[in-house]
Amino acid sequence: MSENRKLIKIATAGSVDDGKSTLIGRLLYDTKSLTTDKIEAIERSSKQRGYDYLDFSLATDGLVAEREQGITIDVAHIYFNTAKTNFIVADTPGHVEYTRNMVTGASTSQVAIILIDARKGVIEQTYRHFFIANLLRISHVVVAINKMDLVNYDEEVYLKIKADFDELVAKSDFSEDQITFIPVSALKGENIARQSEEMPWYVGNTLLDHLEVLEPADLEPSSVARFPVQYVIRPKTEAWHDFRGFSGMLYGGNLKVGDEVTLLPSLNTSKIKSIHYFDQEIQEAAPGSSIAITLETEVDLSRGDMLVKSGELPSSEKQISATICQVNNKALTVGKKYILQHGVNRVLAKVDQIESRIHTDFTGAEDAHSLKLNDIGRVHFRLSKPIHFDSYKSNKSNGSFILIDEAEYDTVSVGFIE
Amino acid sequence: MSNLLIPNPKEAESIHIIREVAAQFERPVLLFSGGKDSITLVRLAQKAFYPAKIPFPLLHVDTGHNFPETIEFRDKLVEELGLELIVRNVQDSIDQGKVREERGRYSSRNSLQTTTLLDAIEEFKFDACIGGARRDEEKARAKERVFSVRDDFGQWDEKNQRPELFDMLNGKIHVGQNVRCFPISNWTELDVWEYIKTENIEIPSIYFAHEREVFFRDGMIWTANEHVYREAHEEVELRMVRFRTVGDMTCTAAVLSEAVSLDDVVGEIRESTISERGARIDDKRSEAAMETRKKVGYF
Ligand SMILES: Nc1nc2c(ncn2[C@@H]2O[C@H](COP(=O)(O)OP(=O)(O)O)[C@@H](O)[C@H]2O)c(=O)[nH]1
Ligand SMILES: [Mg+2]
């Protein structure tokens, strides 16, 4: 599919009016991803509102409430492609109270574009956006210094903002080569898809060129293979009488036929007999594959269990510590019980202790008794059964979980295991 | 035996989602319209459970105004794959007095489907409905979740959606609630066509250029037959057309086309300057049309 175009997933972050929607609209327009009927709709709406320019933000601001208030209030996914690359952009809103949305958008992204209004420079919001990119260990950050047209395309302004941002980078886990600065005007299209003649002093790539040279493999560091069992396939037909396929998505590393594997929680061992992808039998699967595996021996393995290579066992614990981001109005408090979903596995969890609320501006932490919507904190949990995890740092999918409210079933928190 | 599988990330994600539906719900159903998106879903579901059969039935909410080619195709597919098909008719909802047939120039049974669908969900106690909606189809869809919880009235509350983090899907619901599941949320129209081409998936003939009696209204091409309201001055012409989206005849516009093969179609889509939903007459009614329909339980 997609003629082997690579897939790059991007989250945008910026304060209200920094120009996120305009930037995305501009990317769509410049890659010819906006169709005539959409462009006409934008022209119509822009005119109705009395603008003398095309308001590209109208291409992405979807919900009626947003159009009325002129703001983005939820994560929207936008798609476009170039000849070489498919892009998915999560447009996340920038209000103070909307940490939740950026965490959500960033959780499925490899790249973050942080917007800064050139007139305002690095502000408190910028700290928060970068903090979240750091917490989620986004692989690559583009700092787009926008509205350069409003500061006469002045290099000094750009250099000052870059220097301020570099101070933040020093406080983070990012290395310098993971951060790229680009001066742009989203409205005018300067350095978006077209090299700006207004800023001859900038010699780097345009935003689009930069996004195109990124390689997904470099953006997803490999670790060890983790195969959580999602669904057991038992055809019970004559042709497939004894077939028991353990299906799921493979994370972190390759698995191949003949690999010695250990099953969790039983700690039984076996060997991979075959790997199935639809009607094909394959020798080896790379991370991200949705496959079915059969084993040499009859074993007890069901949904929520995990298959790993022997000698590469994850941690198995009933007590865990994690950084929590609260994504629901209901506060997290000590003693509260939740359903903890780790991948496709669910256990019960009880909050043992809230250690601290973390300041999202790199200034440390404070004592806390509860975590409210958009709070980030360190929490200790006790679980009904052990889970088999890695640290978030070493394996994102096996190091993260969500908490589900026991009564309402809402998703209330996301956790990153240490 | 091939060697190393390098996954197609969008396909792998969709299979993952379909398996989650089968694992998390008691009574899932796949909403099948006979269109290319639901045909793609069927292929993905085959891949998710092979060598077992797809472990849930298909539901077709039939407006009675479908293209005959679509119905023929549907029955053949179901037969070949040994699937269970449930059909519920909008005509029955009309006969039972639950909905009223629209009249006049833009009349369509498209929005009447909602009632028939909700009744079927209740009748069979379905707790998950798998649909082929994509986020790139329409602005309001761009914010739809992969698992979208609906209340007893099928309503969608866009301000109160569960955040979806990483690829963890939370399908826990209370009695009376159900979930709309969208495995190809992240696909674009071009992705679907390219997939149909590489996988060599069969699709109904109306997706390819053919001669048809049509008439022109509001810059769109409408099918001319007894189900579609037409005024005396709207003249019928014979044209080479094809459909980009296949729904009810009353709300699906054709495009002029010479594309007779999948290669041609993919080429046309790549070059095309009118979006797919631009060919949906129901969306033109107002800019906020889709969102309004979704709030009252439309798929
Ligand atoms: N002059 C100028 N205005 C811009 C630029 N980018 C965005 N804007 C304007 O800033 C306002 C807010 O933009 P919008 O994209 O809605 O910001 P968002 O809230 O981050 O999505 C709009 O009036 C845009 O036209 C830019 O590069 N230059
Ligand atoms: Mg916006």
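**A buried residue**

Author: Let us begin with a single position in this predicted model. Val90(B) has a relative accessible area of 0% and is therefore buried, since buried means under 20%.

Reader: In which helix is Val90(B) found?

Author: Val90(B) belongs to helix 4 of chain B, which covers residues 90–95.

Reader: Which residues does Val90(B) touch, not counting those up to four places away in sequence?

Author: Such a list shows what surrounds a residue apart from its sequence neighbours. Val90(B) touches Val61(B), Asp62(B) and Thr63(B), and also Arg109(B), Leu112(B), Gln113(B) and Thr116(B), when residues up to four places away in sequence are not counted. For one of these, Arg109(B), the C-alpha atom is separated from that of Val90(B) by 7.7 Å, although the two residues are 19 apart along the chain.

**The chain around it**

Reader: How many helices and strands does chain B have?

Author: Chain B has 8 helices and 11 strands. Of its 299 residues, 62% are buried. The chain exposes about 11700 Å², and carbon and sulfur atoms supply 48% of that area.

Reader: What share of the contacts in chain B joins residues at least 24 apart?

Author: Here one considers contacts between residues at least 6 apart in sequence; in chain B, 74% of them join residues at least 24 apart.

Reader: Which domains does the domain assignment of chain B give?

Author: A domain may be written as more than one segment, as the assignment here shows: domain 1 comprises 9–190 + 288–295, and domain 2 comprises 200–283. The contact between them takes 33 residues from domain 1 of chain B and 34 residues from domain 2 of chain B. The centres of the two domains, taken over C-alpha atoms, are separated by 23 Å.

**The ligand in chain A**

Reader: Which residues come nearest to ligand 1?

Author: There are 17 residues around ligand 1, and those that come nearest are Asp17(A), Lys20(A), Ser21(A), Thr22(A) and Asp149(A). The shell divides into 5 nonpolar, 7 polar and 5 charged residues. Its largest share, 3 residues, comes from helix 1 of chain A, residues 20–30.

Reader: Where do polar backbone atoms lie relative to the oxygen atoms of ligand 1?

Author: A backbone N or O atom of Asp17(A) is 2.8 Å from an oxygen atom of ligand 1. For a polar backbone atom of Gly19(A), the distance to an oxygen atom of the ligand is 3.0 Å, and for one of Leu187(A) it is 3.3 Å. On its own, ligand 1 has 580 Å² of accessible area, of which the protein covers 85%.

Note on methods:
Residues are numbered from 1 along each chain as its sequence is written. Chains are lettered from A and ligands numbered from 1 in the order in which they are written. This is a predicted model: local features need pLDDT of at least 70, side-chain atom pairs count only at pLDDT 80 or more; totals for chains, interfaces and linings use all residues. Side-chain values use heavy atoms; hydrogens and water are left out. A residue is near a molecule or strand if one of its heavy atoms lies within 4 Å of it. A polar contact is a pair of N or O atoms within 3.5 Å; within protein, one must be able to donate a hydrogen and the other to accept it, and residues adjacent in sequence count only if both atoms are side-chain atoms. Accessible areas come from the Shrake-Rupley method with a 1.4 Å probe; for residues, only the protein chains shown count as cover. Helices (H or I, at least four residues) and strands (E, at least two) are DSSP runs, numbered from the N terminus. Ala, Val, Leu, Ile, Met, Phe, Trp, Tyr, Cys and Pro count as nonpolar, Asp, Glu, Lys and Arg as charged, and the others, Gly among them, as polar. Buried means under 20% relative accessible area, exposed over 50%, partly exposed in between (1.4 Å probe, protein chains only). Contact means heavy atoms within 4.5 Å. Domain bounds come from an automatic or database domain assignment.
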